[in-house]
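Try each task before you read its solution.

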Amino acid sequence: MPLEETIAPAGTMTTQIDAALGWARKYSIFQYPFVTACCGMEFMSTAASHYDLDRFGAGFPRFSPRQADCLMVVGTISHKIAPVLRRIYDQMAEPKWVIAFGVCTCTGGFYNNYSTVQGIDTIVPVDLYIPGCPPRPETVIQGLVLLQEKIQKTGGRPRRTTEVLG
Amino acid sequence: MSGAAIAGERRDIAAADLHDGMAALKAEGYNVLVDLTCVDYLALKREPRFDVIYRVMKLDAAEGRDLGRVEVHCAVGVEPVLRSVRDLWPVADWLEREVWDMFGVGFIDRPDIKRLLMYESFVGHPLRKDYPIAKRQPLIGPKSGEKADSPSFNILRPTVVGE
């Protein structure tokens, strides 16, 4: 049962629970770094003390998808690893978010060839695209802040296909 | 070291004599198989079409010195006619699998040749010059290229043709 329904019994209309849940969830992002390529160096730089993702509540990587909220796909995804990525996404519990980190995950980047997935959004839904080859840590942090805004706005509700955020 | 020294002397060996020729090289002291690769000469309309290239090196392991190299070219077609050199250099196992995977050049006298880099259900050999450059074979995901479930406005659509 979703947390919202646990807090508010059936028949109750809530106005502020989403805001409170969104606030709580956006500052406790447990990330799962799915690191396959060179973007991983930039990810490490972002996560380490100089740029310090921990300031945003996202400094705690969980290496089990069942404990993670946010799947960070960092690096080129080949067709061969694609089923693994999909399986890890399926193993994560709701609410969950996906970040495409770097151009290879966004669109395939310059690997327009027989072996590379042309954007991970063909296999998993993506909440946030961070372009760059690799993206600068500032770009990553800006992306993370945007994701936090998204989480705040949606209160962490499970995704709907037609949802477009304003 | 100059480029010529790294490339080493070139020898051309007929496909039928390959294993004997390589065994002779091994007996001469060429104890390291540096690389085993392949070139597709389709554009030159050469017959037979492929060159399988073996690069071997004489390594003095005690001193760590390179005592000379030989590059063996062996012209082959698509049919598997080359005898495997796994028995001479065990490293050839994976290299032969890679050549099979990428170029579709087969090897006989060896068990269990299967793809090394691509997945089992992949059709064709992607480094052949007649493999269509825009052909995509996703293992999972929509073949038409529509997005999984994304509200994004990503307009760069993958080129999906063929399989």
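**Exercise 1.** In which sense do strand β1 and β2 of chain A pair, and over how many bridges?

*Solution.* This is a predicted model. Start with β1, residues 30-35 of chain A. It pairs with β2(A) in the parallel sense, over 2 bridges. Now pick out one bridge: A:Phe30 has A:Phe60 as its partner in β2(A).

**Exercise 2.** Find the order of the strands in the open sheet of chain A. Then name the edge strands.

*Solution.* The sheet has 5 strands, and the order is β2-β1-β3-β4-β5. The pairing is parallel. The edge strands are β2 (60-61) and β5 (128-130) of chain A, since each pairs on one side only. Next, look at what packs on the sheet. Helix α6 (residues 137-154) of chain A touches β4 (97-101) and β5. The directions of α6 and β5(A) make about 170 degrees.

**Exercise 3.** Locate the cis peptide bond between A:Cys133 and A:Pro134, then the one between B:Glu47 and B:Pro48.

*Solution.* Take chain A: omega is about -10 degrees. A:Pro134 sits in the loop between β5 and α6 of chain A. Take chain B: omega is about -5 degrees. B:Pro48 sits in the loop between β2 (32-40) and β3 (50-60) of chain B.

Definitions and conventions
Residues are numbered from 1 along each chain as its sequence is written. Chains are lettered from A and ligands numbered from 1 in the order in which they are written. This is a predicted model: local features need pLDDT of at least 70, side-chain atom pairs count only at pLDDT 80 or more; totals for chains, interfaces and linings use all residues. Two strands pair if DSSP finds at least two bridges between them. Helices (H or I, at least four residues) and strands (E, at least two) are DSSP runs, numbered from the N terminus. Two residues are in contact if their C-beta atoms, placed from the backbone, lie within 7 Å. Axes are lines fitted to C-alpha atoms, for helices over the stretch in contact, and angles run from 0 to 180 degrees between N-to-C directions.
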